[in-house]
Amino acid sequence: MRQEGFILIQTLLLLLGMGIVILISCQQIDEEIRHHQLEQEALQLESLVRAAKVDCTKEETLRYPIGQVSCTVTDKGFKMEARLENGQRIEAVVTHE
């Protein structure tokens, strides 16, 4: 009887350890996915600014399939606010070359 209790405790500890390992693995995967999504959003915002750098000719809001860019004329070029459909945004200043 005593040996069965010991085996039961070992089994429960083993299952608890496996559960903790699975939980940590899931958290790491979740963090990697979030990091990847942030990288993708950053690349999309950068591509919006690059496209607007060519397309902005006056104070205007340009619409693209992935978002929009508001261009404000400054004495040195444009101040731009790029915004994705999900609400992520970035501001950039683009000077005339």
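Visitor: Which pLDDT must side-chain atom pairs have in order to count?
Guide: Residues are numbered from 1 along each chain as its sequence is written, and side-chain values use heavy atoms, with hydrogens and water left out. This is a predicted model, in which totals for chains, interfaces and linings use all residues, local features need pLDDT of at least 70, and side-chain atom pairs count only at pLDDT 80 or more.

Visitor: About how many helical turns separate E31 and R34?
Guide: Helices (H or I, at least four residues) and strands (E, at least two) are DSSP runs, numbered from the N terminus. An α-helix has 3.6 residues a turn, so residues three or four places apart point the same way. Because E31 and R34 are three residues apart in helix α1, they are separated by about one helical turn.

Visitor: Does D30 count as buried, partly exposed or exposed?
Guide: D30 also forms a salt bridge with R34, at 2.2 Å from N to O, and the two lie four residues apart in helix α1. Buried means under 20% relative accessible area, exposed over 50%, and partly exposed in between, with a 1.4 Å probe and protein chains only. R34, at 43% relative accessibility, is partly exposed; D30 has 33%, so D30 counts as partly exposed.

Visitor: Which residues do salt bridges with shared partners join into one network with E81?
Guide: The whole structure holds six salt bridges. One of them pairs E81 with R83, their closest N and O atoms being 3.0 Å apart, and both residues are partly exposed, E81 at 22% and R83 at 27%. Through shared partners, E81 is joined into one network with R83, R89 and E91.

Visitor: How far from E41 is the nearest side chain of opposite charge?
Guide: E41 lies in helix α1, where it is buried yet has no salt bridge. Lys and Arg count as positive and Asp and Glu as negative, while His and the chain ends are not counted. By this rule the nearest side chain of opposite charge is that of R34, at 11 Å.

Visitor: How far apart are the end C-alpha atoms of α1?
Guide: The expected span of a helix is 1.5 Å times one less than its number of residues. The 54 residues of α1 should therefore span 80 Å, which agrees with the distance between its end C-alpha atoms, 79 Å.

Visitor: Which elements do the buried residues of α1 pack against?
Guide: The buried residues of this helix are E41, L45, L48, V49 and A52. Contact means heavy atoms within 4.5 Å, and A52, leaving aside neighbours within four places in sequence, is in contact with L62, Y64, V69 and M80. Taken together, the buried residues of α1 pack against β1, β2, β3 and β4.

Visitor: How many residues does the largest nonpolar core have?
Guide: A nonpolar core is a set of buried Ala, Val, Leu, Ile, Met, Phe, Trp, Tyr and Cys residues joined through side-chain atoms within 4.5 Å. Those with the most contacts inside the largest one are L48, A52, C56, V69, C71 and M80, and its number of residues is 15.

Visitor: Which cysteine does a disulfide join to C56?
Guide: A disulfide is a covalent bond between the sulfur atoms of two cysteines, and a pair of such atoms within 2.5 Å is counted as one. By this rule there is one disulfide, with 1.6 Å from S to S. It links distant parts of the chain, 15 residues apart, from the loop between α1 and β1 to strand β2.

Visitor: What distance separates the C-alpha atoms of L84 and G67?
Guide: L84 is found in strand β3 and is buried, with a relative accessible area of 5%. Among the residues that L84 touches are E41, L48 and G67. L84 and G67 are 17 residues apart along the chain, and their C-alpha atoms are separated by 4.2 Å.

Definitions and conventions. A salt bridge is a side-chain nitrogen of Lys or Arg within 4 Å of a carboxyl oxygen of Asp or Glu.
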